[in-house]
Amino acid sequence: MSDTILILGACGQIGTELTEKLRSIYGKDNVIASDIREGNAEMMSAGPFEIIDATSQEQILSVIQKYKVTQVYLMAAMLSATAEKYPLKGWDLNMTSLLAVLELAKEKHIQKVYWPSSMAAFGPTSPKMNTPQQTIMEPSTVYGISKVAGEHWCNYYHEKYGVDVRSIRYPGIISWKTLPGGGTTDYAVDIYFEAIEKGTFECFLSENTRLPMMYMDDAINATIQLMQADAEKIKTRTSYNLAAISFTPKEIAEEIRKYIPDFTITYNPDFRQAIADSWPQVIDDSAARKDWGWRHQFDLASMTKDIITNLQAKAGESTEM
């Protein structure tokens with residue numbers, strides 16, 4: 001039987017590109033995009049789309065039954081910086097949506113679940129360099145607390161009920177296609193847009209704040225690779241560490257200057273600095289590489305080249321219109 005996939009939170013930064021990639025693999029009619037509000041014109045016209053509140057188990061089940069869904073990718077979440085402003089709303093969205101989907105999997109309405117965790121699950125007491133797969137996890141943010149709790153719920157449903165749920169702890173994700181959605185690593189997305197449009201950027205983190213990052217192409221490929229792996233290869237049912245590159249705002253600015261020599265950057269750290277300081281600088285993802293063959297493709301140089309090439313081409317198209 002062929003898989004039919006439902007993506008909750010398809011209009012978010014990762015969800016948008018994940019939907020596009022999954023449709024190219026499984027066929028547009030077999031990938032149902034959904035969010036709490038309509039997506040852009042391209043999203044709405046490219047395949048089935050449903051309005052779903054991800055905290056409503058009833059709404060999710062209705063769509064699962066309508067399309068005979070076999071897999072759910074739960075991408076709906078309130079990210080770190082936004083959740084710090086609205087802590088109870090952040091907790092409610094992040095936890096209620098996960099438990100709703102896990103219950104549906106337990107009741108055999110779906111066969112497989114994907115739920116993303118994050119490096120935010122680590123905290124100030126976690127090792128900063130080569131952060132291990134299993135280590136101290138005492139997060140200091142609502143987002144991080146919800147991720148640690150979610151990881152253990154995933155493991156619980158797998159151990160107790162046999163639910164095939166899989167997860168990755170994403171580092172900061174960088175894309176030129178979709179604007180960021182309220183995360184602490186979002187400076188590394190904004191900086192490229194501002195470099196092209198204005199030639200200058202004010203960073204909300206200090207210049208030497210090193211954080212683990214990943215180009216969107218690698219994140220999407222890792223997600224799908226994990227979901228397509230044989231179940232016996234998945235040894236970790238909390239969430240897998242995932243890593244590619246680590247850099248500072250200063251280093252990314254230097255890379256941008258290779259293409260935009262006059263680019264300038266200033267630093268004005270805000271409340272997000274404390275969040276960033278609580279996170280790892282370099283993550284050990286050897287378990288993912290060993291268990292299911294994860295390999296990243298992009299480093300800082302190749303990522304910057306690809307982003308700037310695409311953004312400049314996009315800017316040229318809009319000028320011609």
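These legends describe close-up views of a predicted model.

**View 1. Surroundings of Thr 209.** Thr 209 belongs to the loop that runs between strand 10 (200-203) and strand 11 (211-215). With a relative accessible area of 6%, Thr 209 is buried. The side chain of Thr 209 makes a polar contact of 2.8 Å with the side chain of Ser 206. Another polar contact, of 3.0 Å, joins the side chain of Thr 209 to that of Gln 273. When residues up to four places away in sequence are not counted, Thr 209 touches Phe 247, Thr 248, Pro 249, Gln 273 and Ala 276.

**View 2. The aromatic pair Tyr 156 and Tyr 157.** A search of the whole structure gives nine aromatic pairs. One of them is formed by Tyr 156 and Tyr 157, with 6.1 Å centre to centre and 70° between the planes. This pair is edge-to-face, because planes over 60 degrees apart are counted that way. Tyr 156 has a relative accessibility of 36% and counts as partly exposed, whereas Tyr 157, with a relative accessible area of 6%, is buried. Both tyrosines belong to a cluster in which ring pairs link Trp 153, Tyr 156, Tyr 157 and Tyr 161.

**View 3. The aromatic pair Tyr 240 and Trp 292.** The ring centres of Tyr 240 and Trp 292 are 5.7 Å apart and the planes are at 80°, so this pair is edge-to-face. Tyr 240 lies in strand 12 (residues 240-241) and Trp 292 lies in helix 11 (residues 286-292). The pair therefore ties together parts that are 52 residues apart in sequence. Tyr 240 and Trp 292 are both buried.

**View 4. Charged groups over aromatic rings.** The charged end of Lys 106 sits over the ring of Tyr 161, at 4.6 Å from the ring centre. Tyr 161 is also one of the residues in the cluster linked by ring pairs. In a second case, Arg 272 lies over the face of Phe 204, and the distance to the ring centre is 3.5 Å.

**View 5. Helix 8.** Helix 8 (residues 216-228) has 13 residues. At 1.5 Å a residue, these should span 18 Å, and the end C-alpha atoms are 18 Å apart, which agrees. Buried residues in helix 8 are Met 216, Asp 218, Ala 219, Ile 220, Ala 222, Thr 223, Ile 224, Leu 226 and Met 227. For reading such a list, an α-helix has 3.6 residues a turn, so residues three or four places apart point the same way.

**View 6. The salt bridge between Arg 169 and Glu 151.** The salt bridge count comes to 11. Arg 169 forms one with Glu 151, and the closest N and O atoms are 2.8 Å apart. Arg 169 is in strand 8 (residues 168-170) and Glu 151 is in helix 6 (residues 142-161), so the pair ties together parts that are 18 residues apart in sequence. Arg 169 counts as buried at 2% relative accessibility. Glu 151 also counts as buried, at 2% relative accessibility.

**View 7. Further salt bridges.** Glu 194 and Lys 198 form a salt bridge whose closest N and O atoms are 3.3 Å apart. Glu 194 counts as partly exposed at 21% relative accessibility, and Lys 198 counts as exposed at 57%. The side chains of Glu 255 and Lys 258 also meet in a salt bridge, at 3.0 Å from N to O. Here Glu 255 counts as buried at 10% relative accessibility, whereas Lys 258 counts as exposed at 58%.

**View 8. Surroundings of Asp 306.** Asp 306 is located in helix 12 (residues 300-320). At 27% relative accessibility, Asp 306 counts as partly exposed. Its contacts, leaving aside neighbours within four places in sequence, are with Trp 176, Tyr 215 and Phe 298. Asp 306 and Trp 176 are 130 residues apart along the chain, and their C-alpha atoms are separated by 9.0 Å. The side chains of Asp 306 and Tyr 215 are joined by a polar contact of 2.6 Å.

How values were computed: Residues numbered from 1 in each chain as written. Heavy atoms only, no water. Helix = DSSP H or I, 4+ residues; strand = E, 2+ residues; numbered from the N terminus. Buried < 20%, exposed > 50% of the residue type's maximum accessible area, 1.4 Å probe, protein only. Polar contact = N/O pair within 3.5 Å; in protein donor to acceptor, adjacent residues only side chain to side chain. Contact = heavy atoms within 4.5 Å. Phe/Tyr/Trp six-rings, centres within 6.5 Å; stacked < 30°, edge-to-face > 60°. Lys NZ or Arg CZ within 6 Å of the ring centre and 35° of its normal. Expected span 1.5 Å × (residues − 1). Salt bridge = Lys/Arg side-chain N within 4 Å of Asp/Glu carboxyl O.
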